[in-house]
Amino acid sequence: AGDVGEATLAITWPSEKGPPLSTPEGLIHLLRARGYPDSLVDAIQYHADVCVLSDDELAMKGDAYPMRRIRPRVQVTTFRLHIRRIRLLLGIAEARAKWAPSEITPTKIFSSIHVLIAHLKQNWEHRASKGLITGPATGDLGMTIYTWGMVAETLRGKAEHERTRLADDPNASGADIMATARTEALLTRARDTAYKASEGVRERIENSPKGSANNTSKDIKEVYDRTPPIMTVFRVALSGAQAHKGMVADLSDIDALLLEQMTFITALILATGMRWAEVCHVRLDLQFTPELRLKNEITLRAIDRKNETRHTVSLPSNVLPRWLLSDFLLRVRPILLKTHDHPWLVVRRSGRPVGCEGESLDGETRDLLAYENRRANFRNLWKDIVAPFAYAANGSCPAEDGQFTPHCIRNVVAAEIVKRHGIDKAAHWLGDHPNSVRDTYGFLEGRASEIESVTNDVLAEIAATE
């Protein structure tokens with residue numbers, strides 16, 4: 001669901017355009033402009049505060065906010081996804097459930113959350129059948145439902161805090177305590193309903209032999225149409241030291257190191273087709289041990305993969321140069337770790353991993369909510385760092401949200417493999433079922449490479465700078 005409003009049913013400005021809808025402030029302004037009751041506006045504001053504000057900022061809010069954080073803090077850029085999904089479900093409530101904005105209170109939403117989820121699924125499936133959804137629609141459907149589970153969880157924490165406070169207040173009435181307890185119970189049920197429904201959507205994707213390929217095929221076609229400039233950018237960006245020379249001087253030490261790490265990650269995905277989540281979970285003590293490094297292989301655990309199938313990737317030196325791998329492991333990564341000591345391959349600015357430090361060796365016992373926040377933030381960091389680098393190296397790059405992402409690398413290389421070597425080779429490289437690959441990339445099968453001349457020109461350009 002984007003910002004089209006009418007096409008996606010997500011609520012938007014009724015007439016004149018207001019503040020940007022990508023910020024909590026813009027969302028609150030929109031709710032007031034559309035006539036939503038104060039109770040809902042306050043609830044969404046509370047959820048935004050708990051998600052985005054720092055601990056110190058929350059403490060300044062007063063006794064209404066619990067001292068312990070209900071959920072890990074997220075970046076404003078990540079919270080934009082919450083905003084989009086909040087707008088969508090409210091649009092479903094208006095357009096499909098036929099609720100007037102003035103009557104959409106938190107109690108009405110969460111007492112009828114199962115009804116709204118049913119409308120949301122029906123609308124989503126209708127749009128998918130008409131070809132109106134060009135993204136990984138079913139996955140985003142699950143996350144939309146999950147987001148409202150998160151809102152219920154946040155508000156449940158508030159109700160629990162208020163009930164505890166009233167219980168300790170000798171002047172509080174029993175009726176007030178009981179009312180708060182009923183609110184807490186309602187939100188608990190709504191949270192569990194949303195989380196269970198979201199999990200059901202995820203299982204439906206994973207149990208399908210085609211996965212979400214039917215929903216992503218149009219995206220692949222769009223990416224393919226942009227393949228020459230994207231591949232040109234990546235080949236220039238991966239030329240290594242030559243491209244760094246003119247940029248690192250303007251960066252702080254940590255930003256220069258992060259740039260080098262993101263260049264390494266870009267090469268890793270280009271060489272292996274790994275998904276962003278798979279990269280974030282790679283551990284040097286399990287999947288990229290010294291023995292596996294000698295073989296130039298990384299073993300991806302089933303639990304870390306979308307199709308839950310174990311997969312081993314190779315690291316061809318013509319795409320991921322040995323010097324780049326060694327330099328990252330021996331120089332860049334140890335400095336980024338700072339005082340931390342953990343086995344995860346990639347490192348955040350803080351020195352901590354993106355992966356879950358509390359996980360067991362089999363990958364279980366993870367805090368998935370906190371992990372999803374870290375993974376999204378790390379992906380945004382990749383975009384923030386690599387996009388200007390790519391612009392500087394080549395002068396152009398499709399950097400709009402949803403176009404210039406790590407997954408684009410996987411897509412465009414898989415497209416080239418399909419064209420040059422067929423479906424089975426691409427499926428082997430991706431670690432996916434051939435049927436899924438055929439549904440996604442089959443329109444390219446048998447087509448001659450149309451970017452080979454572009455790639456050769458870029459390689460010649462790189463050679464000329466050495």
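Contact is taken here to mean heavy atoms within 4.5 Å. The model is predicted, so that local features need pLDDT of at least 70 and side-chain atom pairs count only at pLDDT 80 or more, while totals for chains, interfaces and linings use all residues. Residues are numbered from 1 along each chain as its sequence is written, and side-chain values use heavy atoms, with hydrogens and water left out.

The protein chain contains 20 helices and two strands, assigned as DSSP runs (helices H or I, at least four residues; strands E, at least two) and numbered from the N terminus. Of its 466 residues, 50% are buried; buried denotes under 20% relative accessible area, exposed over 50%, and partly exposed the range in between (1.4 Å probe, protein chains only). Among contacts in the protein chain with a separation of 6 or more, 65% are between residues 24 or more positions apart.

In the packing of helix α12 (residues 253-272) with helix α17 (residues 406-421), the two axes come within 8 Å and cross at roughly 30°. This makes α12 roughly parallel to α17. The axes are lines fitted to C-alpha atoms, for helices over the stretch in contact, with angles from 0 to 180 degrees between N-to-C directions; angles under 35 degrees count as roughly parallel, over 145 as roughly antiparallel, 65 to 115 as roughly perpendicular and the rest as oblique. Thr266, Ile269 and Leu270 of α12 meet Pro406, Ile409, Arg410 and Val413 of α17. The residues of this contact comprise five nonpolar, one polar and one charged, where Ala, Val, Leu, Ile, Met, Phe, Trp, Tyr, Cys and Pro count as nonpolar, Asp, Glu, Lys and Arg as charged, and the others, Gly among them, as polar.

His82 lies in helix α4 (residues 76-95) and is buried, at 5% relative accessibility. Leaving aside residues up to four places away in sequence, His82 touches His47, Cys51, Thr147 and Met150. Of these, Cys51 is buried at 0% relative accessibility. Cys356 is also buried, at 4%. Zero disulfides (pairs of cysteine sulfur atoms within 2.5 Å) are found in the whole structure. Leu369 belongs to helix α16 (residues 368-394) and is buried, with a relative accessible area of 13%.

A further pair involves Glu160 of helix α7 (residues 137-167), which is partly exposed at 22% relative accessibility. In helix α1 (residues 24-33), the buried residues include Pro24, Gly26, Leu27, Ile28, Leu30 and Leu31. Gly35, with a positive phi near 85°, follows α1.

Most residues other than glycine have a negative phi. Lys98 has a positive phi, near 60°; Lys98 is placed in the loop between α4 and α5 (106-111) and is exposed, with a relative accessible area of 65%. Asn296 likewise has a positive phi, of about 60°. Asn296 is found in the loop between α14 (290-295) and β1 (297-300) and is partly exposed, with a relative accessible area of 23%.
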